[in-house]
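Let's take a walk through a protein model together, one contact at a time.

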Amino acid sequence: MNSCEYVDKIIDYRMGQLTEEQKRELELHLKSCTVCQREMIIELLVEDELAVELEPGFIENKTMARLPLRQAQDLRSFWLYAYRMVVLGMTAAIVCFVLLPFLLKFPLKPFPDLSRYTSGLGEFLSVLAPANPILVAIGFCYILLIASSVYSLVHSRH
Amino acid sequence: MDSKIDDIGCLIRSAQNGDEQAMTRLITIHKGLVFTIIMRMTNDYHTSEDLTQETFIKVFLNIKKVKSREHFRPWICTIARNIVRDYYRRTKSHATISFDQVKEFHGQWDQSTRRRVVIQDALAKLVERDRILLTLTYYQGLNLREVAEVMKMTESNVKVCIHRARKRLRRHLEGYENELM
């Protein structure tokens, strides 16, 4: 197939990788070499085939019509994201400053006052929660809220 | 060439300020590039139209991030490739094209149709990376730096891969010279 040493240079020629002198040399060679002429014709046919016909204005109109809707969705996603972040932040704060110190009996040594407050609140919750159905319901809803936030965060890529 | 680059720079700045005419012009300039890349990945005209729109929507939602006009074309190409990958991840199917599908698409088998079928079939036999490389360099005329940026490869590697892709394509076209000429 590639019986001419110039065949490999055709692609460099088409990619603009040859110097002016090399270009002139190849162009001169192309006039007399049927192998290279055939390769060049195939290159041009492939190029033609890679081109795809598009209806004029169709992509432009459709895109510009869909854009405002997507911008609005994007803005909604931003606020939804902010809301999820607040919920997760509150969760993290409660876990770090209330539940963990209480469960592990972990005194926050650098902040003795805060430590007293957090373990006090933890004990308060542990006493009240089982006894108070409203508090249990609120806790249950809160857990659902966290789960839905985590789920939507995981699936929020699109 | 410089004036074209400057035009695109102006259009990008206008689009960043919300100018819809500039956005439309940017779509007109780049839709061939985006559509061809997507078409070579999906082999489906209507899916490619949808994903091209999706690409431009994503481009304009993030256009404020564009700092340099030189990187704009490679950036669009990268978005287009990611959009197609996300699409396949969502639909969990990959495009395949068969000789029969091409035949069906092209209808009657006259000389030019036969030629198109042969080339389409040879292109379809290439791996996706080779098809994209050839599309970017042959049809869209991106320079080596831009192709390297889109493909996340070094320029020398791109050059080697294009040569290999072209040889593979030529091998697939072997024996069909009569249909092509």
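In this predicted model, Arg14(A) and Glu47(A) form a salt bridge, with 2.9 Å between their closest N and O atoms. Side chains of opposite charge can pair when their charged atoms come close. Where do the two partners sit, Arg14(A) and Glu47(A)? Arg14(A) belongs to helix α1 (residues 7-14) of chain A and Glu47(A) to helix α3 of chain A, so their pairing ties together parts that are 33 residues apart in sequence. If you search the whole structure, you find 17 salt bridges over all chains.

Now stay with helix α3 of chain A, and look across to chain B. Two packed helices are described by the angle between their axes and the distance between the axes. Take α3(A) and α7(B) as your example: their axes are 10 Å apart and the packing angle is about 105°. Angles from 65 to 115 degrees count as roughly perpendicular, and α3(A) and α7(B) are therefore roughly perpendicular to each other. Which residues make this contact? On the α3(A) side they are Glu43(A), Val46(A), Glu47(A) and Leu50(A), and on the α7(B) side Leu134(B), Thr135(B), Tyr138(B) and Tyr139(B). Sorted by class, the contact of α3(A) with α7(B) has 5 nonpolar residues, 1 polar residue and 2 charged ones.

Helix α3 (residues 34-50) of chain A also meets helix α9 (residues 155-173) of chain B: the axes come within 12 Å and cross at roughly 100°.

Next, step back and take in the interface as a whole. Chain B puts 46 residues into the contact, and chain A puts in 37. Between them the two chains bury about 4100 Å², with 66% of that area on carbon and sulfur atoms. How many salt bridges cross the interface of chain B and chain A? There are 7. You can find a salt bridge between the side chains of Glu54(B) and Arg66(A), at 2.5 Å from N to O. The interface of chain B and chain A also has 9 residue pairs in polar contact.

Which helix of chain B gives the most to the side that touches chain A? It is α2(B), with 11 residues. That side of chain B divides into 20 nonpolar, 9 polar and 17 charged residues.

Finally, have a look at two loops of chain B. In the loop between α2 and α3 of chain B you will find Asn43(B), whose phi is near 60°, a positive value in a residue other than glycine. Lys152(B) lies in the loop between α8 (144-151) and α9 of chain B, and its phi is near 55°, again a positive value in a residue other than glycine.

Terms used: Residues numbered from 1 in each chain as written. Chains lettered and ligands numbered in written order. Predicted model: local features only at pLDDT ≥ 70, side-chain atom pairs only at ≥ 80, totals over all residues. Heavy atoms only, no water. Axes fitted to C-alpha atoms, helices over the stretch in contact; angles between N-to-C directions. Helix = DSSP H or I, 4+ residues; strand = E, 2+ residues; numbered from the N terminus. Contact = heavy atoms within 4.5 Å. Buried area = accessible area lost by both parts, 1.4 Å probe. Salt bridge = Lys/Arg side-chain N within 4 Å of Asp/Glu carboxyl O. Polar contact = N/O pair within 3.5 Å; in protein donor to acceptor, adjacent residues only side chain to side chain. Nonpolar A, V, L, I, M, F, W, Y, C, P; charged D, E, K, R; others polar. Parallel < 35°, antiparallel > 145°, perpendicular 65-115°, else oblique.
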